[in-house]
Amino acid sequence: GLSIGESTCTARTVGWPASPDKPWGYNRAGIEDLSKIAMERCETARCAVETMGAIAVEQGFYSADGGEPTAPAYSGSSECLAIADGAPGEVWIFNVMTGRGNASAIWAAKRIPSDHVAPIGNSFTIRKMKLNDPDNFLFSPGVTKLAEEMGWWSPRDESSVDVFDFFGAYGYTPSKGVIPPNMDTVLDNYSGRRMWRVWDLLTPEFAKDIDPDKGHLPHTTDPYPTSLPAPKGSVTLQMVMDAHRDHYEGTVYDLTVGMAAGPNGSPNRWKTPPSIVGQWERAISMYRTSWSHVVEAKPHGLGVTWFGYDAAHGTAYLPFYGAATEGAPEAWHSHKGYQSKFSTEVAWWAFNLVNQYSDLNFRLINAEVQQKAHKIEAEGAEAVAKWEKDVSSMDEVAAAAELTKRSNAFAEAKLAEWWELAGHIFAKYGRYVVTYNESEIGGEDAAGQAYPSWWLSSPEVGFLTWSKSGPFHGMLDKPAG
């Protein structure tokens, strides 16, 4: 089956939808429209690229994050897709942006070797295109023209007239006067660090020569490649799931350590006042994630989407078939609850609840949550293998119906277990202790969530420096601001 993954990206152009409330908009194709049409019409990744590209040029492309004409948001004005098929087994990267004058589209696509890992971190990754190699590169008509006219790129910059640096020409580099003023540094590491980390996790032998501090901007010297090789069979489904959960644990960039992580190691960094200019590392797993997925593109109706609600570090990826004969269970599309209304009949809330509560003591609670997630995912992988063996003698229609029935039943059972997990961690980690049972001896560990000594010893905390005459709040006796 055909599968698509999305990442909002930066570009030097911006466009808006043609709608009554946006008289300045001229475009009619957003990335959701393009993706849905490709999934409906195509069986291969190449077909998807060509179909989406042609529609974007004809109808005009717009990003949902383009801002307004008075304040165009170039940092979210384009889109990047990873597209894979079960047969012939190709993977393509598709970069698309609005064309000249807030209309039409400019796009490029590159085929990724089957033994490579190609991360996308909210910026274009297609660099030196070979315009005379249609087996590996596809692009919109006149793909270089706007870049030449605007002075963003020149054929003289290349080793051959058939080479074009797509990201170098059309990628966004913040100009002076942008807000925040450190936007260039933010974007540089926002993408680059995650690209390095994906390689570091999934193909460490080939990643050892990649500089994690290089960054990823259009004019970065000796830029990152689009992809790196990985030994055949070395990247497992579980490795990809766990890469989604990463916060640079074990590296110098680890978001679970240091004062900003608090005494209990939370990697979550939320919004800061716009008047205070600074920067956090951008983790792969983000607290504000609504859902994520890992797709196995397989032929004969056996493509599986491993779907997880809420932040990846606190979800369990459950298997759903792309060729399913009916939708997911009711809890996955119920409107009895939403983000502003809690409901135990909505699957998202089970995972969000666990993630929110885990932040009270991330180091302790999330470890148990991930242990449960790994158990469920292992059970899911074992079940998928058994299901597919059981239906191997059926025709595709009957097989799809049976696989749908089994995967939906599995999802409902595991959702029930996740609700049980929510109750379990509430009881076990409530009251800032660790409660195991009701025994008078050994039933509760009163020091199980004690503050760590490094945190208590910090002058900013003030535990060791408190006196009856002050300071009462550590080194900064009066809160800043």
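## Basis

The model is predicted: local features need pLDDT of at least 70, side-chain atom pairs count only at pLDDT 80 or more, and totals for chains, interfaces and linings use all residues. Residues are numbered from 1 along each chain as its sequence is written, and side-chain values use heavy atoms, with hydrogens and water left out.

Helices (H or I, at least four residues) and strands (E, at least two) are DSSP runs, numbered from the N terminus.

## Helix H10 and its ends

H10 covers residues 396-429. At 1.5 Å a residue, its 34 residues should span 50 Å. The end C-alpha atoms lie 48 Å apart, which agrees. The expected span is 1.5 Å times one less than the number of residues.

Asp 395 sits at the start of H10. One of its side-chain oxygens comes to within 3.0 Å of the backbone nitrogen of Val 397. Just after H10, Arg 431 has a positive phi of about 65°.

## Packing against H10

Helix H9 (residues 362-390) packs with H10. Their axes come within 11 Å and cross at roughly 165°. Axes are lines fitted to C-alpha atoms, for helices over the stretch in contact, and angles run from 0 to 180 degrees between N-to-C directions. H9 and H10 are therefore roughly antiparallel to each other. Angles under 35 degrees count as roughly parallel, over 145 as roughly antiparallel, 65 to 115 as roughly perpendicular and the rest as oblique. The crossing of H9 with H10 is right-handed. By class, this contact has 13 nonpolar, three polar and ten charged residues. Ala, Val, Leu, Ile, Met, Phe, Trp, Tyr, Cys and Pro count as nonpolar, Asp, Glu, Lys and Arg as charged, and the others, Gly among them, as polar.

H8 also packs with H10, at an angle of about 25° and with the axes 9 Å apart. That makes H8 roughly parallel to H10. H8 passes H10 in a left-handed crossing. A crossing is left-handed if the near helix is turned anticlockwise from the far one by less than a right angle, and right-handed if clockwise.

## The loop between H7 and E12

Asn 268 lies in the loop between helix H7 (237-244) and strand E12 (291-296). Asn 268 is buried, at 10% relative accessible area. Buried means under 20%, exposed over 50%, and partly exposed in between (1.4 Å probe, protein chains only). The Asn 268 side chain makes a polar contact with the side chain of Asp 359, at 2.9 Å. A polar contact is a pair of N or O atoms within 3.5 Å; within protein, one must be able to donate a hydrogen and the other to accept it, and residues adjacent in sequence count only if both atoms are side-chain atoms.

Tyr 248 is in the loop between H7 and E12. Its phi is positive, near 65°, and Tyr 248 is buried at 1%. Arg 288 is also in the loop between H7 and E12, but it is partly exposed at 49%. Its C-alpha atom is 9.8 Å from that of Arg 269, 19 residues apart along the chain.

## Other backbone features

The peptide bond from Ala 87 to Pro 88 is cis, with omega near 10°. Pro 88 lies in the loop between strands E4 (78-85) and E5 (91-99). Gly 470 and Pro 471 are joined by a cis peptide bond, with omega about 5°. Pro 471 is in the segment after helix H11 (453-456).

Asp 310 has a positive phi near 65°. Asp 310 is buried, at 2% relative accessible area.
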